[in-house]
Amino acid sequence: MNDKWLGTPPFVILPRLRSLLADLEQLAVPGSHPVPNELVNIRNCLVASRAVPCLMGEMSGHPSIKDGPGITSELFYLDREQRLGRTLSRWYRFDEGLI
């Protein structure tokens, strides 16, 4: 994927992330039981996993994971020229470029 925003342009992903943050902040209020305005019903539901873009390699300097091989969480932004990637929680620099 050549797009720095990994297929979802900023004018689409940023409002969605703001909405998610607002919902999670509301849920964090003690005693809160928000009722969403819009719901989608889903039948025969189960929890599943799907592939998302991430970075994998030898990490160093992570604040809570020891140095060595690792995989990041979901990647939201990737700039190959600047050698930067952004996950939900932090920035990553791939000094030697991408393989």
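Analyst: One aromatic cluster is formed by Trp 5, Tyr 77 and Trp 91. The model is predicted, so local features need pLDDT of at least 70 and side-chain atom pairs count only at pLDDT 80 or more, while totals for chains, interfaces and linings use all residues. Residues are numbered from 1 along each chain as its sequence is written, and side-chain values use heavy atoms, with hydrogens and water left out.

User: How many aromatic pairs does a search of the whole structure find, and what makes Trp 5 and Tyr 77 a pair?

Analyst: The search finds two aromatic pairs. Rings of Phe, Tyr and Trp (its six-membered ring) pair if their centres lie within 6.5 Å; planes under 30 degrees apart are stacked, over 60 edge-to-face, and the rest tilted. For Trp 5 and Tyr 77 the centres are 5.0 Å apart and the planes form 70 degrees, hence an edge-to-face pair. Because Trp 5 lies in the segment before α1 and Tyr 77 in strand β3, this pair ties together parts 72 residues apart in sequence. Strands (E, at least two residues) and helices (H or I, at least four) are DSSP runs, numbered from the N terminus.

User: Why is Tyr 77 called buried, and why is Trp 5 called partly exposed?

Analyst: Buried means under 20% relative accessible area, exposed over 50%, and partly exposed in between (1.4 Å probe, protein chains only). Tyr 77 has 17% and is therefore buried; Trp 5 has 28% and is therefore partly exposed.

User: What makes Asp 79 count as buried, and which residues does Asp 79 touch?

Analyst: Asp 79, placed in strand β3 (residues 75-79), has 6% relative accessibility and therefore counts as buried. Contact means heavy atoms within 4.5 Å; leaving aside residues up to four places away in sequence, Asp 79 touches Lys 4, Leu 84 and Phe 94.

User: Why does Leu 24 count as partly exposed?

Analyst: Leu 24, in helix α1 (residues 10-27), has 47% relative accessibility and so counts as partly exposed.
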